[in-house]
Amino acid sequence: MENIVLVVDDMELNRELLEEMLKDEYEVILAENGKRAIELIQEYLERLSVVLLDLVMPEMDGFAVLKEMQKSQLITKVPVMIISGETLEEAHCFDYGVADFIQKPFNEKIVKKRIKNVVHLFAYQNELEDKVRMQTETLREQNQILQKQTEKLKENNIKIIDVLGNVVESRNLESGEHVKRVKEFTRILGMQLMKDYPEYGLTEESVAMIAEASALHDVGKICIPDNVLLKPGRLTDEEFELMKTHTTQGCDILNNIHGIWEDDYKKASYEICRHHHERYDGRGYPDHLKGEEIPVSAQIVSIADVYDALVSERVYKAARSKDEAYEMIINGDCGTFSPKLLESFRHARSDFEYLADHNGHPE
């Protein structure tokens, strides 16, 4: 911006006085009314330092000029100082974004000082605004990069979860359908719980994440010896204690995977892996958590896992009917579950049974 001052006043004497005062420091252009002032502001906008504006003028008075400048946002691009002999007008002018006032009769020293202060302050404000805009744009670009990296990390996490889940299923001599079914049962129950009990703070995004992470609920079985994992009959007490360690050993596996976990996915995967065998009355394992001490993600997966185990045929057992599986869970035959989750399970019963009929494929 160059040092141009626009003086707008219908009195020629005032225009000449101000021009004489300022001509050594500024290029001065003159307008005798508001209409001409708007034309000159638009013409010299990029070079204007300040507009000195009288309020009482023919054709278009100062207030009309201010309204037009406010409407077209010119008031934000060049500072305006009011030439006034009345102090009563000042408060109203500030509503239009006026920077300062020059009182009549003119005192040359005060006029120059006030103009200099306004010009410097406006330039400083513009500089700050430019810096803020640049920083905001930089932050926006960095945020976009972080978002892309986060999305890529989530995609990689899903791939890792799927691979590990399939490894567990193949090791367990199952078809891999168990992981898929548990995912879908988890998604159904999570969505129902979200609707029934908003206090859990579940969202569609968090439910989808829990469903994906559910594939890792049994990842620790990779560490269980074949003679225990694949035993067709009932496990001895010692063997069962060894089997129970799949929860903590699964967490060890997850903790040893470094640098590729998105925080929320890691948290959900860990909670599910460790706590999907906890029970609401504290009789589960490995930590004997009770009630809402158990993460809701693990509570959801727990019911999904139990239901699928009941309705699926395994080498060591026949499949239960859907009615029988439902009643066993509701009646606590498979351990105690949260009353709220059981209520949502009741509401989602038909969706569970439809999914079971279609072997884990909802469509």
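Reader: Which residues line the largest cavity?
Author: The lining is made up of E278, R279, Y280, I294, A298, Q299, S302, I303, T336, F337, S338 and L341. A cavity is a set of points on a 1 Å grid over the protein atoms alone where a 1.4 Å probe fits but cannot get out, and lining residues have an atom within 4 Å of a point. This is a predicted model, where local features need pLDDT of at least 70, side-chain atom pairs count only at pLDDT 80 or more, and totals for chains, interfaces and linings use all residues. Residues are numbered from 1 along each chain as its sequence is written, and side-chain values use heavy atoms, leaving out hydrogens and water.

Reader: How much space lies in the largest cavity?
Author: About 70 Å³. A volume is the space filled by probe spheres set on the grid points, which are joined across faces, edges and corners.

Reader: How many cavities does a search of the whole structure find?
Author: It finds 1 cavity of 30 Å³ or more.

Reader: Which helix gives the largest share of that cavity's lining?
Author: Helix α12, residues 296–311, with 4 residues. Helices are DSSP runs (H or I, at least four residues), numbered from the N terminus.

Reader: And by class, how does the lining of the largest cavity divide?
Author: Into 6 nonpolar, 4 polar and 2 charged residues. Asp, Glu, Lys and Arg count as charged; Ala, Val, Leu, Ile, Met, Phe, Trp, Tyr, Cys and Pro as nonpolar; the others, Gly among them, as polar.

Reader: Which residues lie nearest its centre?
Author: P79, G97, A99, F122 and Q125, out of 13 lining residues. Helix α5 (residues 108–171) gives the most, 6 residues. By class, this pocket's lining has 8 nonpolar, 4 polar and 1 charged.

Reader: New topic: H217. Where is it found?
Author: H217 is in the loop between α7 (204–213) and α8 (226–229).

Reader: Is H217 buried or exposed?
Author: Buried, because its relative accessible area is 1%. The cut-offs are under 20% for buried, over 50% for exposed, and partly exposed in between (1.4 Å probe, protein chains only).

Reader: What does the H217 side chain make polar contacts with?
Author: One is with the side chain of H178, at 3.4 Å. Another is with the side chain of D305, also at 3.4 Å. A polar contact is a pair of N or O atoms within 3.5 Å; within protein, one must be able to donate a hydrogen and the other to accept it, and residues adjacent in sequence count only if both atoms are side-chain atoms.

Reader: Last one: how many salt bridges does the structure hold?
Author: It holds 25. Each is a side-chain nitrogen of Lys or Arg within 4 Å of a carboxyl oxygen of Asp or Glu.

Reader: Which residue does E353 bridge to?
Author: R349, with the closest N and O atoms 2.9 Å apart. Both lie in helix α15 (residues 349–357), 4 residues apart, about one turn of the helix. E353 is buried at 17%, whereas R349 is partly exposed at 25%.

Reader: And what meets R133 in a salt bridge?
Author: D130, at 2.1 Å, N to O. R133 and D130 are 3 residues apart in helix α5, so about one helical turn separates them.

Terms used:
On a 1 Å grid over the protein atoms alone, a cavity is a set of points where a 1.4 Å probe fits but cannot get out, and a pocket is an open set with protein on both sides within 12 Å along at least five of seven lines; lining residues have an atom within 4 Å of a point. Helices (H or I, at least four residues) and strands (E, at least two) are DSSP runs, numbered from the N terminus.
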